[in-house]
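Colleague: Could you take me closely through the paired charged side chains, and then through the nonpolar and aromatic side chains that are packed away from the surface?

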Amino acid sequence: MKNNEYGWTLTEMICTLVVIALITIISFYGYVEAMHRYKTVKMTDLVVSVASNIQTKYMGYPDYLGISTDRIKNMEIIPSDLKYNKAQALHHYMDGRLEIFSVDDVKKNIEAEYFAIRFENLSSDMCFELGSLKWDNNMTSGLIAMEIVAKPQDAENKEMNNVGEYCTGIDADLFAAPNRGYAIACKNGSRQAFPITPRYTWKACNCTENTCMITWVYK
């Protein structure tokens with residue numbers, strides 16, 4: 001004390017700890033948000049790249065007959081950082097299942113005219129991020145429809161209609177999922193045109209425990 005030296009007071013220590021705690025919390029949430037954005041970009045790029053690779057591989061073929069998740073395993077269509085697990089199931093970057101399959105045009109009676117890329121086991125947040133993006137649905141991309149499905153959590157979702165019939169030219173079986181909520185975007189007539197509005201997407205992505213599912217249909 002004679003040399004004007006003294007320790008921190010209790011108030012100063014508490015203030016310092018509070019500042020450190022705030023910085024830690026802000027840094028943590030900043031990291032979580034950055035990782036979420038990164039994974040959203042990765043998931044978006046995955047859809048676009050897989051669709052483009054499939055279209056390139058099947059160029060010159062009249063349809064996508066026989067295409068499946070298992071068939072593309074050795075076709076160099078899937079990015080190298082995606083792996084099949086021991087059960088030979090393919091998973092996307094959020095650890096949910098990734099399925100690829102053909103889609104019939106029942107109105108024109110054309111088998112396997114389209115193909116679909118489906119992400120399963122999405123969280124509501126990731127479902128919303130992907131569903132509300134401004135997807136390019138044009139002649140270049142070939143995207144003609146997108147469906148968002150979630151298990152209903154309230155009466156509002158349970159009352160939503162089965163909208164498979166609204167998607168012109170697409171096999172209705174693709175959209176058959178009883179007792180689940182729907183949002184759908186189709187190029188040729190639907191309840192919601194591209195891009196799907198955030199309000200509409202949020203209603204469709206009302207799922208818990210990573211049960212949301214999005215399907216993109218390409219020509």
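Modeller: K219 forms a salt bridge with E113, and their closest N and O atoms are 2.6 Å apart; a salt bridge here is a side-chain nitrogen of Lys or Arg within 4 Å of a carboxyl oxygen of Asp or Glu. The pair links distant parts of the chain, since K219 is in the segment after strand 5 and E113 in strand 2, 106 residues apart; helices (H or I, at least four residues) and strands (E, at least two) are DSSP runs numbered from the N terminus. This is a predicted model, in which local features need pLDDT of at least 70 and side-chain atom pairs count only at pLDDT 80 or more, while totals for chains, interfaces and linings use all residues. Residues are numbered from 1 along each chain as its sequence is written, and side-chain values use heavy atoms, with hydrogens and water left out.

K219 counts as partly exposed at 44% relative accessibility, whereas E113 counts as buried at 11%; buried means under 20% relative accessible area, exposed over 50%, and partly exposed in between, with a 1.4 Å probe and protein chains only.

A search of the whole structure finds three salt bridges. In another of them, the side chains of D81 and K42 meet at 3.1 Å, N to O. D81 lies in the loop between helix 1 and strand 1 and K42 in helix 1, so this pair ties together parts that are 39 residues apart in sequence. D81 counts as partly exposed at 42% relative accessibility, and K42 as partly exposed at 23%. The side chains of E99 and R97 also meet in a salt bridge, at 2.7 Å, N to O; E99 is buried, with a relative accessible area of 18%, while R97 is partly exposed at 34%.

Turning to the nonpolar side, the largest nonpolar core has 40 residues, of which I54, I100, I117, F119, L122 and W216 touch the most other members; such a core is a set of buried Ala, Val, Leu, Ile, Met, Phe, Trp, Tyr and Cys residues joined through side-chain atoms within 4.5 Å. Helix 1 gives the largest share of this core, six residues.

F119 and W216 are both buried, and they form an edge-to-face aromatic pair, 5.1 Å centre to centre with 75 degrees between the planes. Rings of Phe, Tyr and Trp (its six-membered ring) pair if their centres lie within 6.5 Å, and planes under 30 degrees apart count as stacked, over 60 as edge-to-face and the rest as tilted.
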